[in-house]
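Reader: I'd like to go through this fold with you, one feature at a time. Can we start with the overall picture?

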Amino acid sequence: YDAAFARGIHVVTTGAVFCQPVAEIGLGFALSLARNIHGADADFAAGQELWGFDGNRQARLLAGSEVGIIGMGGLGQAIVQVLAGFRPNLRAYDPWQAPSVTRRHGAEPADLDTVLARSDTIFVTAGVTSENKGFLGAPEFARMRRGAALILLSRADVVDFAALVEAVARGHIQAATDVWPVEPFPRDHPARAVPGLLKSA
């Protein structure tokens, strides 16, 4: 920002630049959680791989599945685009977005409870404000389907991070994130060792 401002360039937002790459890592997270790609790789490294049905008991398809998006701004719209070939049933919650805009971008407007309760995979792409900080907490995670995946892509502050880690640790949901409440993340934080939490920086 300093270099831009020094040249008289006013930066309003850089979000549009990152929508596509963040949407693509979100797709990678979704596929890995659905098919346990990361877990199978770790099993091979440990010499504990499972073959055939034994290695795919929990696998599920992204194609034709129920997908929720929380936040239908630029990043949410990019998620819709990268998911297009999978033809999911898309529902989106965004109280600041006109329903007509949500529909135009390929998702059905829905309330938060519906998105939480009816989705196999939920992408969290909402920006954080003073009004929605931590609005996804233990009660919201409890309303998700058992085994469903939550993929946190926007800002860590939109979730109660401790509650998210706890919901994953007890096996109710899976999750993936490339955003953290503190970056760099503390090396001794217990979230680093939680199975079912797919991590990236």
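Reader: How many helices and strands does the chain have?

Author: First, a word on the source: this is a predicted model, where local features need pLDDT of at least 70, side-chain atom pairs count only at pLDDT 80 or more, and totals for chains, interfaces and linings use all residues. Residues are numbered from 1 along each chain as its sequence is written, and side-chain values use heavy atoms, with hydrogens and water left out. Helices (H or I, at least four residues) and strands (E, at least two) are DSSP runs, numbered from the N terminus. Here you get 8 helices and 7 strands. The radius of gyration is 17 Å, close to the 17 Å from the globule rule for 201 residues, so the chain is as compact as a globular protein of that length. That radius is taken over C-alpha atoms, and the rule is 2.2 Å times the number of residues to the power 0.38.

Reader: And how do I read the sheet: in what order do the strands come?

Author: In general, strands of a sheet pair through backbone hydrogen bonds, either parallel or antiparallel. Two strands pair if DSSP finds at least two bridges between them. In this chain the pairing is parallel, and the open sheet runs S3-S2-S1-S4-S5-S6-S7. Strands S3 (108-109) and S7 (197-199) are the edges, each pairing on one side only.

Reader: How many bridges join S1 to S2?

Author: There are 5, between residues 66-70 of S1 and residues 89-93 of S2. Glu 66, for instance, has Asn 89 in S2 as its bridge partner.

Reader: What share of the residues is buried?

Author: Buried means under 20% relative accessible area (1.4 Å probe, protein chains only). By that cut-off, 42% of the 201 residues count as buried.

Key
Buried means under 20% relative accessible area, exposed over 50%, partly exposed in between (1.4 Å probe, protein chains only).
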